[in-house]
Amino acid sequence: MNAVERLSRRLRGEAADRPPNFDIMMQFAAHYIGQPLSRYYLDYRVLVQANLAVLNDFQLDIVQAISDPYREAADFGAVIEFPEDGLPVSKTPLLAEPDDLKRLKPPDPAAGRRMSDRLEAIRRFREEVGGEVPIMGWVEGALAEAADLRGVSNLMTDLYDRPEWVEELLEICTEVEIAFARAQVEAGADIIGLGDAVASQIAPRLYERCALPYEQRIFAAVHEAGGLARLHICGNTTKILSHMARSGADIIDIDWMVDMRAAAQAFGQAAVCGNFDPFAVMLQGTPEDVYAATVECMRLGGPRAISAAGCEIPDGTPHENLRAQARALREYGAQQ
Amino acid sequence: MARSSKFVAKLKYGKITTFVSSTRIEVSKRMEAILQSIYDGILEGKAKVVPAKVQEALDAGISPAQILNDGMIRAMAEVGRLYEEGEYFVPEMLIAARAMKEGLAVLRPHLLQADVKPAGKVAAGTVQGDLHDIGKNLVALMLEGAGFEILDLGVDVPAEKFVAAVQEHNVDIVAMSALLTTTMSRMKDTVEALKAAGLRDKVKVMVGGAPVTQSYANEVGADGYAPDASQAVAVAKSLIA
């Protein structure tokens with residue numbers, strides 16, 4: 001059974017040899033092949049090579065073109081710094097003043113420097129493992145993108161100070177993300193992940209107004225293009241689980257502070273993906289801790305559940321911990 | 001129980017006013033109403049209303065200390081409570097804190113004049129390499145709302161800068177924040193640098209940020225840890241008690 005078959009069976013709630021492993025690896029993967037972080041997020045060849053290395057060595061069931069939040073923002077024209085072995089940094093938001101919105105020009109995914117690099121990664125994945133391993137592209141949620149362009153703190157107060165302005169910005173972001181998602185599916189992505197981290201910091205009623213409708217539109221476009229949709233909101237999303245279920249996502253990630261069983265119940269037909277503590281369990285725990293946490297998450301998540309740490313696998317995670325997760329999934333699958 | 005926050009706020013506020021002289025009832029009622037409007041204005045994030053009401057309170061002869069304690073600190077404590085209970089989120093906290101700061105700008109010269117001392121002085125910053133400052137900002141705002149004086153060192157703060165702040169500004173607490181697992185180890189660098197400078201016993205250290213835990217705080221040798229901005233207030237108070 002290959003990883004594509006494994007995922008499609010699992011999504012239908014049917015028996016598979018084991019639950020898929022969807023750990024998100026970025027910094028870890030770059031350093032695993034001895035490359036500085038900037039090479040990973042600036043050069044698709046390095047990103048692909050790193051993904052293929054961890055795919056095989058840790059028995060993942062996905063390859064992922066996720067790298068950092070600033071692909072779209074950079075192509076919008078934001079000034080982003082790329083430290084040699086650090087994460088990209090945006091020191092001054094592109095929309096420092098509300099009036100700057102008038103000058104905002106939506107980038108074309110194929111022409112944009114950093115967005116097109118992601119399309120190249122997906123094409124290369126297609127050549128290497130297409131049809132065998134699910135290939136995941138990535139977009140920012142409209143609210144997350146708005147925060148990337150405006151700065152998180154500014155956007156948080158904008159929600160109260162200038163709601164119409166925020167709506168206008170969200171419209172522009174949504175159109176760009178839809179175009180980017182479509183281009184990635186056309187390039188060969190099986191799944192489009194959507195990151196909307198900032199959505200865990202706002203009240204449920206604001207999520208319903210400022211995040212959910214835009215997630216729904218982006219995911220509708222993903223489905224129309226023939227892809228699967230994965231929603232990723234890190235942080236404590238306990239209060240918005242039922243809203244997230246209405247996003248249209250096929251797979252929904254939850255962070256470690258969310259109850260896996262409650263999430264699985266709230267999500268219904270969508271697969272819950274998660275959710276042990278990436279830091280306390282994966283980075284700092286023992287292989288036994290990881291094994292136990294992996295099995296417990298699958299037990300609570302039910303027949304559609306997918307395994308992953310609550311968020312990115314931390315840099316410096318002991319390899320034996322990742323192998324313990326793989327072993328737990330094999331043995332759990334064999335017992336089912 | 002479905003009580004509106006405003007109702008709870010009024011109920012809580014109602015407990016703290018004590019006026020004994022029957023001849024001054026009318027005046028005290030007016031004072032009470034002004035303080036209440038400062039309190040409500042902060043909870044509702046009204047940055048234009050609060051400074052005007054603070055001025056009105058000063059004009060009415062309410063002492064700067066009472067405006068601070070019964071109007072502002074009490075309101076920010078309620079903001080913290082509502083955040084912990086999941087009624088307020090980051091946007092509501094930010095606009096409340098902004099209203100509080102606007103009011104404080106009007107009040108500050110009068111506090112100095114009346115010689116009202118801050119609860120303590122806190123130097124706050126994100127650690128070197130970390131530019132995620134929303135958590136640090138929320139902590140600073142909540143501490144300021146609790147009567148602390150804040151020395152905001154900003155983002156990407158190297159250990160030496162924390163040390164210099166302690167040396168130059170008579171700081172009671174160093175507060176460090178990190179969002180990334182890759183930068184949180186810098187917290188230990190600051191603690192070590194404080195030791196090397198012979199300042200470790202003169203200052204308390206508190207840490208926080210998404211990946212930080214109590215056990216990690218112990219590991220780096222911090223005196224206090226808080227999981228969120230609201231609880232940071234209680235921790236800071238306990239450290240200098």
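Buried means under 20% relative accessible area, exposed means over 50%, and partly exposed lies in between (1.4 Å probe, protein chains only). At 24% relative accessibility, B:A65 therefore counts as partly exposed. This is a predicted model, where local features need pLDDT of at least 70, side-chain atom pairs count only at pLDDT 80 or more, and totals for chains, interfaces and linings use all residues. Residues are numbered from 1 along each chain as its sequence is written, chains are lettered from A and ligands numbered from 1 in the order in which they are written, and side-chain values use heavy atoms, with hydrogens and water left out.

**The sheet of chain A**

- Seven strands of chain A form an open, parallel sheet in the order β1-β2-β3-β4-β5-β6-β7. Strands (E, at least two residues) and helices (H or I, at least four) are DSSP runs, numbered from the N terminus. Two strands pair if DSSP finds at least two bridges between them.
- β1 (63-64) and β7 (306-309) of chain A are the edge strands; each has a single partner strand, so one side of each lacks a neighbour in the sheet.
- Strands β5 (residues 251-253) and β6 (residues 271-276) of chain A run parallel and are joined by three bridges. A:D253 has A:C273 in β6(A) as its bridge partner.
- Helix α11 (residues 212-225) of chain A packs on the sheet and touches β2 (135-140), β3 (191-195) and β4 (228-232) of chain A. Contact means heavy atoms within 4.5 Å.

**A:R18**

- A:R18 sits in the loop between α1 (3-11) and α2 (27-32) of chain A. Its relative accessible area is 11%, so A:R18 is buried.
- The side chains of A:R18 and A:D61 make a polar contact of 2.7 Å. Such a contact is a pair of N or O atoms within 3.5 Å; within protein, one must be able to donate a hydrogen and the other to accept it, and residues adjacent in sequence count only if both atoms are side-chain atoms.
- Beyond neighbours within four places in sequence, the contacts of A:R18 include A:R6, A:Q59 and A:L329.

**Chain B overall**

- Chain B has ten helices and five strands.
- Its C-alpha trace spans about 60 × 40 × 30 Å along the principal axes.
- Of the 241 residues of chain B, 51% count as buried.

**B:A65**

- B:A65 is part of helix α4 (residues 64-84) of chain B.
- B:A65 touches B:L111 and B:V116, leaving aside neighbours within four places in sequence.
- B:A65 and B:L111 lie 46 residues apart in sequence, with 6.8 Å from C-alpha to C-alpha.

Definitions and conventions: Axes are lines fitted to C-alpha atoms, for helices over the stretch in contact, and angles run from 0 to 180 degrees between N-to-C directions.
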